[in-house]
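I wanted a record of what I looked up in this structure, in the order in which I looked.

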Amino acid sequence: MVKAATQVLTDSCLTRQGLKPSYPGRSTSSPAPGEAKAAEALFGSGRPELSVSLPTGYVVSAHTDGCLAAAQQRLYGDQPRWFRVSTIVNNLGPEARHTRRSLDEVRAKHRAEIADWTRLRTHALAEATALLDDPSTKGKPRP
């Protein structure tokens with residue numbers, strides 16, 4: 001449900017900018033004109049404003065100015081926090097392997113991030129349900 005709502009929001013954002021949403025699996029022999037512009041509008045541009053350094057040594061970064069960031073802000077209520085906790089929670093397995101700890105130990109270490117992830121995900125599910133159930137609000141940014 002959150003994925004579908006994210007798609008609705010990002011498609012609407014791109015359309016408002018006069019860009020055509022692109023879908024995975026679309027076969028073209030060469031990139032469509034404006035595809036780079038659409039990617040920039042979707043994912044943001046310039047230097048990423050958000051980053052998380054993981055115990056594995058990887059640094060994950062993201063923008064706050066693209067359509068995807070706007071969709072995450074609307075659905076999760078706090079895009080920077082969602083980026084941070086989802087990146088950490090999605091990398092618990094690699095952290096456990098890298099630090100040679102059990103997954104249970106790593107989960108215990110990140111109890112606060114897991115709780116934030118759960119709270120933000122619950123918020124996103126409620127927002128996604130409302131967005132998809134009420135056609136009058138589809139894709140419109142919140143005031």
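These entries go from the overall fold to the cores and then to the salt bridges.

**Entry 1, the fold.** I noted before anything else that this is a predicted model. I then went through the secondary structure and found seven helices and two strands, which follow the pattern α-α-β-β-α-α-α-α-α when read along the sequence. I looked up burial next, and 34% of the 143 residues count as buried. Among contacts with a separation of 6 or more, 57% are between residues 24 or more positions apart.

I asked which residues make up the largest nonpolar core. There are twelve in all, namely Val2, Ala5, Leu9, Ala71, Leu75, Tyr76, Trp82, Val85, Leu120, Ala124, Ala128 and Leu131. Helix H1 (2-16), helix H3 (67-76), helix H4 (79-89) and helix H7 (111-133) each supply at least two residues of this core, and H7 gives the most, with four.

How many salt bridges did I count? The count comes to five.

I began with Glu113 and Arg84, whose closest N and O atoms are 3.4 Å apart. Glu113 lies in helix H7 and Arg84 in helix H4, so this pair ties together parts that are 29 residues apart in sequence. I checked accessibility for both partners: Glu113 counts as buried at 13%, whereas Arg84 is partly exposed, with a relative accessible area of 38%.

I then turned to Arg107 and Asp104, which meet in a salt bridge at 3.8 Å, N to O. Both lie in helix H6 (residues 103-109), three residues apart, or about one turn of the helix. Arg107 counts as partly exposed at 40% relative accessibility, while Asp104, at 57%, counts as exposed.

My last pair was Arg119 and Asp116, with the closest N and O atoms 3.7 Å apart. These two are three residues apart in helix H7, so about one helical turn separates them. Arg119 is partly exposed, with a relative accessible area of 45%. I also noted that Arg81, Asp116 and Arg119 are linked in a network of salt bridges.

Note on methods:
Residues are numbered from 1 along each chain as its sequence is written. This is a predicted model: local features need pLDDT of at least 70, side-chain atom pairs count only at pLDDT 80 or more; totals for chains, interfaces and linings use all residues. Side-chain values use heavy atoms; hydrogens and water are left out. Buried means under 20% relative accessible area, exposed over 50%, partly exposed in between (1.4 Å probe, protein chains only). Contact means heavy atoms within 4.5 Å. A nonpolar core is a set of buried Ala, Val, Leu, Ile, Met, Phe, Trp, Tyr and Cys residues joined through side-chain atoms within 4.5 Å. A salt bridge is a side-chain nitrogen of Lys or Arg within 4 Å of a carboxyl oxygen of Asp or Glu.
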